[in-house]
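Dear colleague,

Please find below the structure that I am handing over to you. My notes on its aromatic rings follow.

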Amino acid sequence: MSNQNYDEALFKIGAVKPSDWKKKPAIFSDGKLSIAGHPVMEDWEDSYMQELAQIATSNGGVILELGFGLGLSANYIQQQPIDKHIIIEANEEVFAKLEEFAKNATYEVEPRLGLWEEMLPSIPDESIEGILFDTYSPNFENEEQFECEFPFFEHAYRILKKGGVFTYYSSEVSDFSPQHLQLLQTAGFSNIEKKICAVNTPDDCLYWKSKTMIAPIVKK
Ligand SMILES: C[S@@+](CC[C@H](N)C(=O)[O-])C[C@H]1O[C@@H](n2cnc3c(N)ncnc32)[C@H](O)[C@@H]1O
């Protein structure tokens, strides 16, 4: 399926306002998470999540994760020596899973319920060593509908300590698009690298088709 066909398939499921996302039922089944009919997360991403977690924790310290989902990346973050793991999650039913996860975690987990767009002002400037951003946009109102990480770039730059590292679900097969790179640079980043990761995408996946995806390694 082309990217355009993906967009059309997801569009048919129907947009959900971010504020409504909070109370939509979350269905966990067969290694997948869907919310309001949207395919939010699938466990074929496991090795990619492991890679993102390794990048985000490469400096240790305080790690900020955005989007809990199936908790795959959160589990991998907890396998690295860190000081604290702050996790922001918008959906209430997913948040209930996050609270259970926090009880059994090796390193301190601070769960925060809400949209990152509402929660970020409470994160102080230059207070975070590593960021893993992996949310999902159910709202299709502009051309960046599925690139929900783009509006986050400027916030990532603000809250990262100098030398801190930022990574995220990139939606890029083998390199940053010129627009993507430009947005990172406009946010202030100049140290931008990537790793091309092999992924075992099933044929019926609605949101990704390629067999690779890049893991961004973006440092402040
Ligand atoms: C793709 S999943 C995260 C997958 C996770 N990295 C894992 O390994 O399982 C996206 C998560 O982000 C949450 N989410 C979506 N929009 C959000 C927002 N604006 N702020 C915070 N969380 C959001 C969804 O409810 C969902 O739990």
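A residue is called buried under 20% relative accessible area, exposed over 50% and partly exposed in between, with a 1.4 Å probe and protein chains only. The model is predicted, so local features need pLDDT of at least 70 and side-chain atom pairs count only at pLDDT 80 or more, while totals for chains, interfaces and linings use all residues. Residues are numbered from 1 along each chain as its sequence is written, and side-chain values use heavy atoms, leaving out hydrogens and water.

The whole structure holds 14 aromatic pairs. Rings of Phe, Tyr and Trp (its six-membered ring) pair if their centres lie within 6.5 Å; planes under 30 degrees apart count as stacked, over 60 as edge-to-face and the rest as tilted.

Trp116 and Phe133 are edge-to-face, because their planes stand at 80°, with the ring centres 5.8 Å apart. This pair links distant parts of the chain, 17 residues apart: Trp116 is in helix H6 and Phe133 in strand S7. (Helices, H or I of at least four residues, and strands, E of at least two, are DSSP runs numbered from the N terminus.) Phe133 is buried at 1% relative accessible area, and Trp116 is buried at 9%.

Phe152 and Phe166 form a tilted pair, 5.6 Å centre to centre with 55° between the planes. Phe152 lies in the loop between S7 and helix H7, and Phe166 in strand S8, so the pair ties together parts 14 residues apart in sequence.

One aromatic cluster includes Trp116, Phe133, Phe152 and Phe166.

Yours sincerely
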